[in-house]
Amino acid sequence: RAAFFGPGGPGAIYRADVTTGRVAEFVRVPNAGTVHHYHTSSPDVEARDFAGKTSLGGLDVSADGRDLFVMNLEDRRIYHYDVPSASLVGAFDHGAAGEPWAPDARPFAVKAQDGWLYHGLVNSAERTGARADLRGQVYRSAFDGGGLRIVADFPLDDERGVARVHGTVDDPGTHEVSLGWLPWKDGDNDLGKGRHEMSVYPQPMLVDVEFTDGGDMVLGLHD
């Protein structure tokens, strides 16, 4: 919160030498957007609507250390770099780019596994505002984006329990607020309508794809 990007800006990827501790810019991903947050009296106001929509999302390196993949949240493309040369191999669209709801697709997660690239996204339902349209999806492709197919598709309609938050002076005590996922929505959103010490308005992001030793896919969702 209220923190600047590194010197390379929104598209920079840095590499740290674990022996010396030296950190240097590795590559700068193009088309990653501009800075939307600043040190002011209300830093959240300037930044909140761009969370999950600009700069970089998930990043992963192949098991042999040669291929790096990163999700560009600004142009919603996956960028592929050759690690030894730090050169751009190519870039390709996320799996839902051809769907009618593509403007609402918000990709983030990437994972290189067993010679395949997996990437996860949500249908944010931002245009329709309908909870029924919220979905999570995972796609699989070759490292060059070829052979793309969907491998997971699921609704985001689970209730997820409640958050217990403190009330304000005018409405004291502990209040329970539903954590059920809601469509993405810009602006100052709060299910408690200002009656709580903190705002609650859960908006889903599919930020991680991992695999167990047995081959099961595990997904991480972020609010």
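Q: Where is Lys 53 found?
A: In this predicted model, Lys 53 sits in the loop between helix 1 (43-47) and strand 3 (56-61).

Q: Is Lys 53 buried or exposed?
A: Go by the relative accessible area: under 20% means buried. Lys 53 has 14%, so Lys 53 is buried.

Q: And which residues does Lys 53 touch, not counting residues up to four places away in sequence?
A: Leaving out residues up to four places away in sequence, Lys 53 touches Leu 73, Glu 74, Arg 106, Glu 126, Trp 184 and Asp 186. With Glu 126 there is a side-chain polar contact of 2.8 Å. Lys 53, Glu 126 and Asp 186 are also linked in a network of salt bridges.

Q: What is the idea behind a salt bridge, and how many salt bridges are there?
A: Side chains of opposite charge can pair when their charged atoms come close. Here the count comes to ten salt bridges. Take Asp 82 and Arg 66, whose side chains meet at 3.9 Å, N to O. This pair links distant parts of the chain, 16 residues apart: Asp 82 is in strand 5, and Arg 66 is in the loop between strand 3 and strand 4. Asp 82 counts as buried at 17% relative accessibility, while Arg 66 is partly exposed at 44%.

Q: Where do Glu 159 and Arg 131 lie?
A: Their side chains meet in a salt bridge too, at 4.0 Å, N to O. Glu 159 lies in the loop between strand 10 and strand 11 (162-166), and Arg 131 in the loop between strand 8 and strand 9, so the pair ties together parts 28 residues apart in sequence. Glu 159 is partly exposed at 45% relative accessibility, and Arg 131 is partly exposed at 35%.

Q: With which residue does Glu 176 form a salt bridge?
A: With Arg 164, where the closest N and O atoms are 3.2 Å apart. Glu 176 is in strand 12 and Arg 164 in strand 11, so this pair ties together parts twelve residues apart in sequence. Glu 176 is exposed at 55% relative accessibility, and Arg 164 is exposed at 59%.

Q: How many residues does the largest nonpolar core have?
A: It has 25 residues, and Phe 69, Val 138 and Leu 156 are among those with the most contacts inside it. Elements giving two or more residues to this core include strand 4 (67-72) and strand 13 (205-211). Apart from it lies another core of eleven residues, among them Ile 13 and Phe 26.

Technical notes:
Residues are numbered from 1 along each chain as its sequence is written. This is a predicted model: local features need pLDDT of at least 70, side-chain atom pairs count only at pLDDT 80 or more; totals for chains, interfaces and linings use all residues. Side-chain values use heavy atoms; hydrogens and water are left out. Helices (H or I, at least four residues) and strands (E, at least two) are DSSP runs, numbered from the N terminus. Buried means under 20% relative accessible area, exposed over 50%, partly exposed in between (1.4 Å probe, protein chains only). A polar contact is a pair of N or O atoms within 3.5 Å; within protein, one must be able to donate a hydrogen and the other to accept it, and residues adjacent in sequence count only if both atoms are side-chain atoms. Contact means heavy atoms within 4.5 Å. A nonpolar core is a set of buried Ala, Val, Leu, Ile, Met, Phe, Trp, Tyr and Cys residues joined through side-chain atoms within 4.5 Å.
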